[in-house]
Amino acid sequence: MLAKRIPTILPNLTFEEALEITKLHSIAGILKSENGLIQQRPFRTPHHTISPISMIGGGRIPKPGEISLAHYGVLYLDELPEFKKETLEVLREPLEDREVTVSRVMASLTYPSNFMLIASMNPCPCGYYGSKIRPCSCDQRAIQRYLAKISGPLMDRIDIQIHVKPVEYQKLEKFSKGESSATIKERVNHAREIQQKRYKNYPILCNSNLTPKLLETYCKLDTPSKKLLEKAFTSLQLSARAYTRILKVARTIADLDEKERIEVKHIAEAIQYRMNH
Ligand SMILES: [Zn+2]
């Protein structure tokens, strides 16, 4: 449910983004001419039976895959461990480079693939591991096999990992109304504006695109933040990649908080999103 609401809080498209998306959809032959320029960020939800080629692109005359059709939008993979391992592994490079090169005998083409990956999965095959509502009926080996489908390197590229506890029906009814999507979207748009202003002299749009050099300039940490991150790095045995990704997430949390400098609470929150597996 959470994943499906994401499009309602995504930042507005810039004209340049809209052009790029429209071009990719046109190349893929899925643009409906009556629509003209695409005005909404894509939200792609491929089925778990999808092949690696349909995911990253290819074919005799290489066409954009799902990751390029999700450019500037969301690629949502429901029930992540149900996908073929090969299909998931091909996501690693584009998640890093934000583009993909597909080579075939006829041609070699590079398509942009700057997408946000959202994935959901159960804690075990039956879905009740760790639940207080119902006991889990899976044996340990089955759970391990299930979780092993998501490789460490892929997990490492997922910046925010949250364990959502099942909710009892009675509690669902009592839930007070949260913030509306419109209010959240306003905040997201504002954070995006801050970033566009900050990076106006660079060929990047937002924090997730920060290069190592720009990271040094715009993600400077004070001593308490540095100490906290160092501690987390050792105790959680984080990779160098996770380290820079935590910095980028913290930068975004600080932007949402309208703070120019990253503070220790922003770093703490970003680290927390890495502790759920
Ligand atoms: Zn289970």
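In this predicted model, helix H13 passes helix H14 in a right-handed crossing. The axes of H13 (residues 240-256) and H14 (residues 264-272) come within 8 Å and cross at roughly 125°. Sorted by class, the contact of H13 with H14 has eight nonpolar residues, one polar and one charged.

**The chain as a whole**

The protein chain has 14 helices and seven strands. Its C-alpha atoms fill a box of roughly 50 × 45 × 40 Å along the principal axes. For 277 residues, a compact globule would have a radius of gyration near 19 Å, and the 20 Å of the protein chain agrees with this. Buried residues make up 24% of the 277 residues.

Two packed helices are described by the angle between their axes and the distance between the axes.

| Helix pair | Angle between axes | Axis distance |
|---|---|---|
| H13 and H14 | roughly 125° | within 8 Å |
| H12 and H14 | about 15° | 8 Å |
| H10 and H13 | about 115° | 9 Å |

Helix H12 covers residues 223-235, and H12 packs on H14 at an angle of about 15°. That makes H12 roughly parallel to H14, since angles under 35 degrees are placed in that class. The crossing of H12 and H14 is right-handed. H12 contributes Pro224, Ser225, Leu228, Leu229 and Ala232 to the contact, and H14 contributes Val264, Ile267, Ala268 and Ile271. By class, this contact has eight nonpolar residues, one polar and no charged ones.

Helix H10 (residues 181-198) packs against H13 at an angle of about 115°, with the axes 9 Å apart. H10 is thus roughly perpendicular to H13, the class that runs from 65 to 115 degrees. H10 also passes H13 in a right-handed crossing. Arg187, Ala191, Ile194 and Gln195 of H10 make this contact with Thr252, Asp255 and Leu256 of H13. By class, the contact of H10 with H13 has three nonpolar, two polar and two charged residues.

**Residues in loops**

Glu79 lies in the loop between strand S4 (74-77) and helix H5 (85-89). The phi angle of Glu79 is near 55°, a positive value in a residue other than glycine. Glu79 has 12 C-beta neighbours inside 10 Å and counts as exposed, because the class takes in residues with 12 or fewer.

Gln237 is a further residue other than glycine with a positive phi, near 50°. Gln237 is found in the loop between H12 and H13. With 8 other C-beta atoms within 10 Å, Gln237 is exposed.

Asn122 sits in the loop between strand S7 (116-119) and helix H7 (140-148). Asn122 has 17 C-beta neighbours inside 10 Å and counts as partly exposed. Along the chain, Asn122 and Asp78 are 44 residues apart, and their C-alpha atoms are separated by 9.9 Å.

Ser51 is placed in the loop between strand S1 (43-44) and helix H3 (52-56). Ser51 is partly exposed, with 14 other C-beta atoms within 10 Å. The C-alpha atoms of Ser51 and Pro112 are separated by 19 Å, and the two residues are 61 residues apart along the chain.

How values were computed
Residues numbered from 1 in each chain as written. Predicted model: local features only at pLDDT ≥ 70, side-chain atom pairs only at ≥ 80, totals over all residues. Helix = DSSP H or I, 4+ residues; strand = E, 2+ residues; numbered from the N terminus. Rg over C-alpha atoms; globule rule 2.2 N^0.38 Å. Buried ≥ 20, exposed ≤ 12 C-beta atoms within 10 Å, placed from the backbone. Axes fitted to C-alpha atoms, helices over the stretch in contact; angles between N-to-C directions. Left-handed = near helix turned anticlockwise from the far one by under 90°. Nonpolar A, V, L, I, M, F, W, Y, C, P; charged D, E, K, R; others polar. Parallel < 35°, antiparallel > 145°, perpendicular 65-115°, else oblique. Contact = placed C-beta atoms within 7 Å.
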